[in-house]
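Thanks for asking me to look this over. Here are my notes, in numbered points, to read alongside the model.

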Amino acid sequence: MIKNIPANEQTEEGAFGYNDYNRQRIISLVRNTALLLATPEEVTQWQSLGFVPEVLLESKNELDLYRRALYGPALKLDPIYHTYEQIVDRAGALQAQHPELMTRIQIGGTTQFHRPIYAYRLSNDAAKVQDRPAVLFDGCHHADEIMGAEIVLALMEKLMAGYGTDAEVTRWLDTLEIYLVPVVNVDGHNIVTSGHDPRWRKNARDVNHDGVTGVYPEGVDVNRGYSFNWALGGSNDPEGPSYRGAHPFSEAENRAMRNLADQRQLLLSISYHSQGEVIYYPWIWGNLAAPDDKVIKNLANDVAAHITRMDGEGTYTIAPGGPSSQSYPWFYGRRGVIDMIIETGKGTHIFSAADVPGIIGENLKGIAALLEHTAGPGLSVRVTDAVTGRPLDAEVWIPRIDNETVDRRRSDVRFGRARRLLVPGNYYLVISREGYATTVLPAQQVNATGWTALAVALQPTGQ
Ligand SMILES: [Zn+2]
């Protein structure tokens with residue numbers, strides 16, 4: 001009888017609700033097929049009841065059986081999935097083929113093993129940062145949610161192959177900057193893809209300093225380490241599956257993402273997780289929605305409506321997430337980026353090879369839908385110094401929308417640009433910076449489509 005899997009060895013977020021199934025036994029439930037751990041007697045019993053069980057692997061080592069079963073019917077990681085080394089090599093090959101279209105940026109190194117964490121900038125002139133809407137796609141904050149890395153890599157392939165031949169891809173790269181971080185939690189991803197442990201969720205931090213990594217309950221949950229309501233998210237128990245670390249941004253993986261956000265003002269981003277076929281957006285806080293709730297919900301709904309579920313019945317749904325410690329509250333609340341989590345696929349964290357192309361293909365449709373929103377509607381404000389003409393980093397805020405839950409939006413120091421997606425209407429805008437006279441624009445019209453361009457020259461006060 002298989003009943004000795006310790007609680008801390010079980011997956012934290014199973015493919016199913018805690019109460020619905022015995023998670024020591026049912027590894028995944030995808031469509032109408034269950035992957036189970038069972039004794040020979042149970043198999044015989046099910047046969048007598050009319051089920052047709054197929055024995056994939058027999059072993060007396062229960063823990064080994066459990067871990068391997070998490071890879072799905074192949075019982076080892078299918079080669080359709082990439083290791084980080086393979087991802088970096090493939091990206092390097094694509095960059096060598098299209099040097100003008102892609103630039104690699106090291107945004108940090110991992111907490112435990114100091115492996116490089118890479119972002120890739122893609123545009124028609126990727127060597128330069130340009131004054132365009134910038135969009136980020138990242139994968140694998142959670143180590144075993146490896147589909148995210150595959151989706152981001154597939155997007156990279158699509159963009160590199162399609163430039164100059166596919167009209168949509170060409171338009172995106174001619175008008176946007178697209179940033180890709182295929183794997184945020186590189187050490188954790190390696191624990192999963194190397195076959196060491198398919199259930200690994202956190203990073204590889206050696207929390208108790210015993211010199212051993214990759215053995216539960218070590219590690220920090222990289223998606224609980226951001227500094228927005230940090231103390232309210234995850235757990236302060238170092239052995240917990242959602243341990244948030246010692247302090248906000250204690251983990252190098254989170255600092256890497258902050259570096260990227262500091263280098264480049266982003267308009268939109270998607271962080272890929274698995275599973276659930278749901279999009280979490282910022283936010284529900286108590287009973288209050290985010291200041292930009294209308295814009296955010298409209299966007300999330302549109303993306304969700306373009307991603308068909310694995311069972312073919314309908315599309316992904318949306319739900320507001322809580323405002324704590326995860327990526328999307330920080331990106332939205334601190335940086336003004338409309339960031340969402342997409343929980344791809346359903347039934348397990350690691351999908352069988354046959355399901356991978358379908359999940360990727362559907363999520364690429366979601367990406368296409370998201371990118372259409374980079375065309376507005378909204379306000380695109382350029383702030384300069386009235387005397388020197390230099391671009392200025394200034395507060396660009398809308399008092400009737402913004403409240404104390406979010407940091408005020410700022411123009412980008414490099415271009416003086418602040419872009420803000422809005423629903424059509426008239427907006428009262430305040431532009432301010434220390435040492436300059438505050439400028440108020442009472443009624444700026446946002447039309448049904450497109451960006452309303454505004455130029456604001458701030459007068460120095462001479463102080
Ligand atoms: Zn996750």
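Helices (H or I, at least four residues) and strands (E, at least two) are DSSP runs, numbered from the N terminus. This is a predicted model, in which local features need pLDDT of at least 70 and side-chain atom pairs count only at pLDDT 80 or more, while totals for chains, interfaces and linings use all residues. Residues are numbered from 1 along each chain as its sequence is written, and side-chain values use heavy atoms, with hydrogens and water left out.

1. Let me begin with helix 4. Gly164 follows helix 4 and has a positive phi, near 90°.

2. Now to the metal. Which protein atoms are the donors of the zinc ion? They are His142 (ND1), Glu145 (OE), Glu145 (OE) and His273 (ND1), at 2.0 to 2.6 Å. Donors here are N, O and S atoms within 2.8 Å of the metal (3.2 Å for Na, K and Ca); water is not among the atoms, so sites may look incomplete. In sequence, the donor residues follow the spacing H-x2-E-x127-H. Both His142 and Glu145 are buried.

3. Strand 7 (residues 268–273) contains Ser271. Ser271 counts as buried because its relative accessibility is 0%. Its side chain makes a polar contact of 2.7 Å with that of Asp138 (a pair of N or O atoms within 3.5 Å; within protein, one must be able to donate a hydrogen and the other to accept it, and residues adjacent in sequence count only if both atoms are side-chain atoms). Beyond four places in sequence, the contacts of Ser271 include His141, Ser327 and Asp339, contact meaning heavy atoms within 4.5 Å.

4. Glu277 sits in the loop between strand 7 and strand 8 (278–282). Is Glu277 buried or exposed? With 4% relative accessibility, Glu277 counts as buried. A polar atom of its side chain lies 2.8 Å from the backbone nitrogen of Met310. Leaving out residues up to four places away in sequence, Glu277 also touches others, among them Arg309, Tyr316 and Lys346.

Terms used:
Buried means under 20% relative accessible area, exposed over 50%, partly exposed in between (1.4 Å probe, protein chains only).
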